[in-house]
Amino acid sequence: MASIGQIIFWSMIVLIVVIAGLIIFILALAFSRAQPSTVGSPNPYPVGNINDAVVLGCKFNPLNTNGKGVTQIAITWEKEGLTGVVYKYANAVGQQQTQNPDFINRAQLFPDVISNGNASLLLRSVQVKDEGLYKCSVSASNGQGEVNIHLRVAAYSSPTFTTPNKTLKAVAQRWYPRPSVTWTNSEGTDLNASTSFISNPAGIVEVTSALTNFNVSDVLTCTIGNSLVKSVSQATVTDSGVRDSTYFVFSSADQRPLDPKSAVSYVLLWMYWTVC
């Protein structure tokens, strides 16, 4: 008769084997559903700048299993809660019959690169109402697939720097939502500044921030940011004015977990574009 220890040991072995088999089954199912056409986005959570254009990235596998280019490509962009489509492409041309009026003359694809697997959407003159969940669906001779892209909308601009009355003044004309402003010196120490905000009727904020207590020739960092984007500017006061540079940092992707099919789809797409 087996001892209690042996029973526990073999029970654990069986449990491990069952769990491993279940994991393999789930991955195999996800792979089978993701094939033969892999559709994904290099940036599922883009941030559009109000009144500017934004690209919603969507890419697909442009090859059949024999290595030849796919045919019969159809691409449809939809927005959650919207009547009609954002844009539809079929038979090698745009189909405007069912396009929502809000997107006429604002939405288009990039026809020259569709055959290379690029189904990205160019959206012009972005507005706050454009924010939301978009779906890119692709159908071709090697199968079909879809991916969701969550467009977030903000307004952001680089500050300009001047030195009136021995102060270092930063003015950024377009921010939404309302940002916060911080200043630090080259050692990372926070500096006190006077900051004001002026909003226009559309809610776009002009930011003005003045720094009075600083060391000339020191590298000063002015950070303007909200929950979606921040600008990081480094400024140095010189005899001839202010030498500055700015870059933008966008908020990280949504932390909601991907379902297995989407996760495998993103991995397969990344592998394809890396290899090819």
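**Rings and contacts in a predicted model**

The chain has 2 helices and 20 strands (DSSP runs: H or I of at least four residues, E of at least two, numbered from the N terminus). This is a predicted model: local features need pLDDT of at least 70, side-chain atom pairs need 80 or more, and totals for chains, interfaces and linings use all residues. Residues are numbered from 1 along each chain as its sequence is written, and side-chain values use heavy atoms, without hydrogens or water.

Biologist: Why are Tyr156 and Phe250 called an aromatic pair that is edge-to-face?

Modeller: Rings of Phe, Tyr and Trp (its six-membered ring) pair if their centres lie within 6.5 Å; planes under 30 degrees apart are stacked, over 60 edge-to-face, the rest tilted. Tyr156 and Phe250 sit 5.5 Å centre to centre, with 75° between the planes. So the pair is edge-to-face.

Biologist: What makes Tyr156 count as buried?

Modeller: Buried means under 20% relative accessible area, exposed over 50%, partly exposed in between (1.4 Å probe, protein chains only). Tyr156 has 13% relative accessibility, so Tyr156 is buried. Phe250, at 39%, counts as partly exposed.

Biologist: How do you know that Asn64 and Ser141 make a polar contact?

Modeller: The rule asks for N or O atoms within 3.5 Å; within protein, one must be able to donate a hydrogen and the other to accept it, and residues adjacent in sequence count only if both atoms are side-chain atoms. The side chains of Asn64 and Ser141 make this contact at 3.2 Å. Asn64 lies in the loop between strand 4 (59-60) and strand 5 (74-79).
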